[in-house]
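These are my notebook entries on one structure, written down in the order in which I looked things up. I begin with open space and then go on to surface, charges and backbone.

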Amino acid sequence: MDLFVDLDHDSAVPLYRQLQSTLSELIVSGRLPHGGKLPSSRSLSGQLGISRNTVTLCYQELVASGLVRATERHGYYVHVPEASSATGSSAPHESFDWQRRLIVPGGHDLPEIDKPADWFDAPYPFIAGQVEHDRFPARAWERSLREALHKPHLHHSIRDDLAGDDPLLVRQIIDRILPGRGVFADESQVMITLGSQQGLAMLATLLLDPTRAILMEDPGYLDARHIFQRSGARVLPLPVDGDGPIVPGSTAGVDVVYTTPSHHNPTNVTMSLDRRHALLQRASHAGTVVIEDDYDSEFRYHGAPSPSLTSLDTCGNVVYLGTFSKFLSPGLRLGFMVGSPELIAAAKKERRYTVRHAPGQIQRAMALFIQSGDYHRTLRMTRDRMSRKYDLITEAVAAHLPLENPSFPPGGVSLWADVGPDVPVDRLLPAAAAQGIIIERGDIFFFRPPATHHIRIGFGAIAESRIVPGIRKLGQVFDSLR
Ligand SMILES: Cc1ncc(COP(=O)(O)O)c(C=O)c1O
């Protein structure tokens, strides 16, 4: 063990006393834990540049005071007296009032999305927003990570890029991902993010403050609401129906609209084409920025995908957020933002002074993963699997859950279900969890406590073979509560 002790060689207090007082404080405060071995007198005297006798004298004093036990031939061990170990009363962190120093952000009292830490061990993880860990393309990803550490890629993997992005990844996104969403951009319009969440946080910093207002779907993506509330802006609700968000007659006075048009979070409804045109027309007219969070557009099971808002934008006021989270892994923390060059330059500057840039090796590995074709191969396989899962879960839910008029929008990675007033969600969730079934509550996504009783049933993370037995079992849980 290395111990740093600041000794004052000019002081009138003898060195052994100074050392004894510092070690006593470390022991009593719990920073040197009970039972821990102290360095030998030879080693500590070497570390501190003092004589061995000084250390021995100090240890003898500590033994005499009861804070250290000496064992023959084995050395000296910390012995924390019971009273101080029980209370830990002299720990310095307890005497400093951090609560008074910390700024309380807006939205601190909002509920939070909660996922059990060990959800992947549950037999029926109908959890939203996660992926099937066993299906992660680990071999291909490992290949890309390894290749990223060799020339000519090494430089890009390990350099400090200040405000820059990996040019190969930006190129791959421009050439091979964005055209699939009808988005055509150049390098000045793309920035790599640490996932859409970072994109949202940066947009909040750049576009919102307490004098501004943002409109977002109600119910809506709760983490986005947290982010917007933290900026101090007014966060206004935009109701949603079967055609997506109900676009107001005008967005005058609204600085930003945030929307998830491909598959609305949390209901999965797809925004109709008419609404898309209406939103763009009104936002352009009022000078409102539109944030299009296209977090899971990959997953469309029936019908043609709708054109992204960004592809329909003729005014330049739309910002697009894409992510690698939903079909590859949210743990990679990688996504991208597409917008006007002015916005992207400001966002890169903002990012430089927070995290600089996404980790170089992860960016380069993703670029190689896309370039090699592994990305699109994995995407095709994931889409096929998700499509099979969608068929299984929609049939099973219709057959086994007592829902009234269930309707399933043709895409997304979770279902949104109204369970009606007879089965209290507060009792349903723990009763399901007791059977190893993880589903999520829906009320937290609303601005005000809703009159409806919704749950969210994700099917991205659960294995295909578990879906039907899990939903059947969930049906039994419903029955037991009615
Ligand atoms: C609507 C929506 N946007 C963004 C995100 C966050 O994505 P990322 O992991 O890229 O930060 C999620 C994650 O669940 C989401 O549901």
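Predicted model: local features only at pLDDT ≥ 70, side-chain atom pairs only at ≥ 80, totals over all residues.

**Entry 1, the largest pocket.** I looked up the largest pocket and found that about 430 Å³ of space lies in it. Here a pocket is an open set of points, on a 1 Å grid over the protein atoms alone, with protein on both sides within 12 Å along at least five of seven lines, whereas a cavity is a set of points where a 1.4 Å probe fits but cannot get out; lining residues have an atom within 4 Å of a point. Grid points are joined across faces, edges and corners, and a volume is the space filled by probe spheres set on the points. I noted 24 lining residues for the largest pocket, with Gly129, Tyr221, Asn265, Tyr295 and Lys326 lying nearest its centre. Sorted by class, this lining has 7 nonpolar, 10 polar and 7 charged residues, where Ala, Val, Leu, Ile, Met, Phe, Trp, Tyr, Cys and Pro count as nonpolar, Asp, Glu, Lys and Arg as charged, and the others, Gly among them, as polar.

Residues are numbered from 1 along each chain as its sequence is written, and side-chain values use heavy atoms, with hydrogens and water left out.

How many cavities of 30 Å³ or more does the structure hold? I found 3 of them, and about 160 Å³ of space lies in the largest cavity. Its lining is made of 18 residues, of which Val131, Glu132, Lys326, Phe327 and Thr382 are the closest to its centre. By class, I listed 8 nonpolar, 5 polar and 5 charged residues in the lining of the largest cavity.

On the surface I found a nonpolar patch formed by Phe96, Trp98 and Leu102, which together have about 330 Å² of accessible area. Such a patch is made of residues with over 30% relative accessible area and no salt bridge, nonpolar side chains (Val, Leu, Ile, Met, Phe, Trp, Tyr) being joined within 5 Å and like charges within 9 Å. The areas come from the Shrake-Rupley method with a 1.4 Å probe, and for residues only the protein chains shown count as cover. Phenylalanine 96 sits in the loop between helix 4 (82-87) and helix 5 (98-101); helices (H or I, at least four residues) and strands (E, at least two) are DSSP runs, numbered from the N terminus. Phenylalanine 96 is partly exposed because its relative accessibility is 37%, given that buried means under 20%, exposed over 50%, and partly exposed in between (1.4 Å probe, protein chains only).

Side chains of opposite charge can pair when their charged atoms come close. I counted a salt bridge where a side-chain nitrogen of Lys or Arg is within 4 Å of a carboxyl oxygen of Asp or Glu, and the structure holds 22 salt bridges.

I then looked at one between arginine 356 and aspartate 160, whose closest N and O atoms are 2.2 Å apart. This pair links distant parts of the chain, 196 residues apart. Arginine 356 is partly exposed at 35%, and aspartate 160 is partly exposed at 49%.

Are the partners aspartate 166 and arginine 364 buried or exposed? Their side chains meet in a salt bridge at 2.8 Å, N to O, and the pair links parts 198 residues apart, with aspartate 166 in the loop between helix 7 and helix 8 and arginine 364 in helix 14. Aspartate 166 is buried at 3%, and arginine 364 is buried at 5%.

I also noted a network of salt bridges that links Glu132, Arg135, Arg385 and Lys389.

Most residues other than glycine have a negative phi, and most peptide bonds are trans. I found a cis peptide bond between lysine 151 and proline 152, with omega about 5°, and a cis peptide bond between asparagine 265 and proline 266, with omega about 15°. Proline 266 is in the loop between strand 8 (256-259) and helix 11 (273-286), and asparagine 268 is found in the loop between strand 8 and helix 11. Asparagine 268 has a positive phi, near 75°, and is buried at 3% relative accessibility. Arginine 356, from the salt bridge with aspartate 160, has a positive phi near 70°.
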